[in-house]
Amino acid sequence: MTNPPPPGNWSDPTWSAQPSSPAPDPTLVAGQPVPAQPGPVDPYAPGAYAPDPYAPVDPYAGAKQSAAQPMPGYAPPGYPPQYPGYGYPQPPKTNGMAIAAFVLALIGFTSCITAPIGAILGHVAQKQIRLSGEGGAGMAKAAIIVGWILTGFLVLVIAIYAAAIIYAIATSDNSSSSSY
């Protein structure tokens with residue numbers, strides 16, 4: 001916005017109705033002409049960027065499509081193919097014997113009889129897992145560890161109980177049985 005000229009015959013040297021230099025030419029950049037830009041593209045025009053996936057297709061046309069031909073470099077409409085390695089891989093199937101061994105080893109906390117069975121089944125399950133590539137190696141190893149620890153504890157308890165019985169028999173006085 002320019003200011004109005006000063007009143008009277010007094011001339012302001014900073015004001016002038018004419019610009020001091022001509023406006024720059026918008027078609028020149030650094031003295032070089034600007035290449036012509038393509039015309040505006042209507043993004044809503046059919047086929048402007050990609051084919052119209054909702055265009056009607058004649059089911060009797062055979063292999064020929066209607067006006068919505070895919071542009072070069074674009075995939076046909078629809079779902080894209082699944083890329084390899086996309087998402088999470090499926091976990092391997094867990095070995096059933098490893099599950100049974102783990103359950104029997106844990107039940108051994110209350111019954112102690114199933115602990116050695118769980119440990120032995122854990123060894124068998126480990127061999128099956130090595131041969132088949134199934135999952136459950138950690139479960140089989142846990143069954144082996146828990147099963148043998150509980151079996152060792154069971155043997156120790158039986159040994160202590162047997163020693164207590166032997167000690168009780170050896171220290172008992174025989175006077176009560178010979179009083180007849």
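Q: Where is Thr-151 found?
A: In this predicted model, Thr-151 is found in helix α3.

Q: And is Thr-151 buried or exposed?
A: Thr-151 has a relative accessible area of 12%, and because buried means under 20%, Thr-151 counts as buried.

Q: What does Thr-151 touch, leaving out residues up to four places away in sequence?
A: With those sequence neighbours left out, Thr-151 touches Ala-115 and Pro-116.

Q: Which other residues of α3 are buried, and what do they pack against?
A: Besides Thr-151, the buried residues of α3 are Ala-140, Ala-143, Ile-144, Gly-147 and Leu-150, and the buried residues of this helix pack against α1 and α2.

Q: How many residues does α3 have, and what span does it reach?
A: Helix α3 has 35 residues, and from its first C-alpha to its last it reaches 51 Å, which is close to the 51 Å expected at 1.5 Å a residue.

Q: Stepping back, what is the overall pattern along the sequence?
A: The protein contains three helices and two strands, and read along the sequence these follow the pattern β-β-α-α-α.

Q: How much of the protein is buried?
A: Buried residues make up 13% of the 180 residues in the protein. As for contacts between residues at least 6 apart in sequence, 50% of them join residues at least 24 apart.

Q: Back to the helices: at what angle do α1 and α3 cross?
A: The axes of α1, residues 96-111, and α3, residues 137-171, come within 8 Å and cross at roughly 30°. The two helices are therefore roughly parallel to each other, and their crossing is left-handed.

Q: Which residues make that contact?
A: From α1 the contact uses Ala-98, Ile-99, Ala-101, Phe-102, Ala-105, Gly-108 and Phe-109, while α3 supplies Met-139, Ala-140, Ala-142, Ala-143, Val-146, Gly-147 and Leu-150. Sorted by class, the contact of α1 with α3 has twelve nonpolar residues, two polar ones and no charged ones.

Q: How do α1 and α2 pack?
A: Their axes are 7 Å apart, and α1 and α2 pack at an angle of about 160°, which makes α1 roughly antiparallel to α2. The crossing of α1 and α2 is left-handed.

Q: Which residues are in that one, and how do they divide by class?
A: Among them are Met-97, Leu-104, Ile-107 and Ser-111 of α1, together with Thr-114, Ile-117, Leu-121, Gln-128 and Ile-129 of α2. The residues of the contact of α1 with α2 divide into twelve nonpolar, six polar and no charged.

Q: What about the loop between α1 and α2, which residue has its place there?
A: Cys-112 has its place in that loop, and it is buried, with a relative accessible area of 15%. Most residues other than glycine have a negative phi, whereas Cys-112 has a positive phi of about 60° although it is not a glycine.

Q: And in the loop between α2 and α3?
A: Gly-135 lies in the loop between α2, residues 114-132, and α3, and at 12% relative accessibility Gly-135 counts as buried.

Q: What does Gly-135 touch, again without residues up to four places away in sequence?
A: Gly-135 touches Pro-92, Lys-93, Thr-94, Asn-95 and Ile-129. Of these, Asn-95 is 40 residues from Gly-135 in sequence and 6.0 Å from it in space, C-alpha to C-alpha.

Technical notes: Residues numbered from 1 in each chain as written. Predicted model: local features only at pLDDT ≥ 70, side-chain atom pairs only at ≥ 80, totals over all residues. Heavy atoms only, no water. Axes fitted to C-alpha atoms, helices over the stretch in contact; angles between N-to-C directions. Helix = DSSP H or I, 4+ residues; strand = E, 2+ residues; numbered from the N terminus. Parallel < 35°, antiparallel > 145°, perpendicular 65-115°, else oblique. Left-handed = near helix turned anticlockwise from the far one by under 90°. Contact = heavy atoms within 4.5 Å. Nonpolar A, V, L, I, M, F, W, Y, C, P; charged D, E, K, R; others polar. Buried < 20%, exposed > 50% of the residue type's maximum accessible area, 1.4 Å probe, protein only. Expected span 1.5 Å × (residues − 1).
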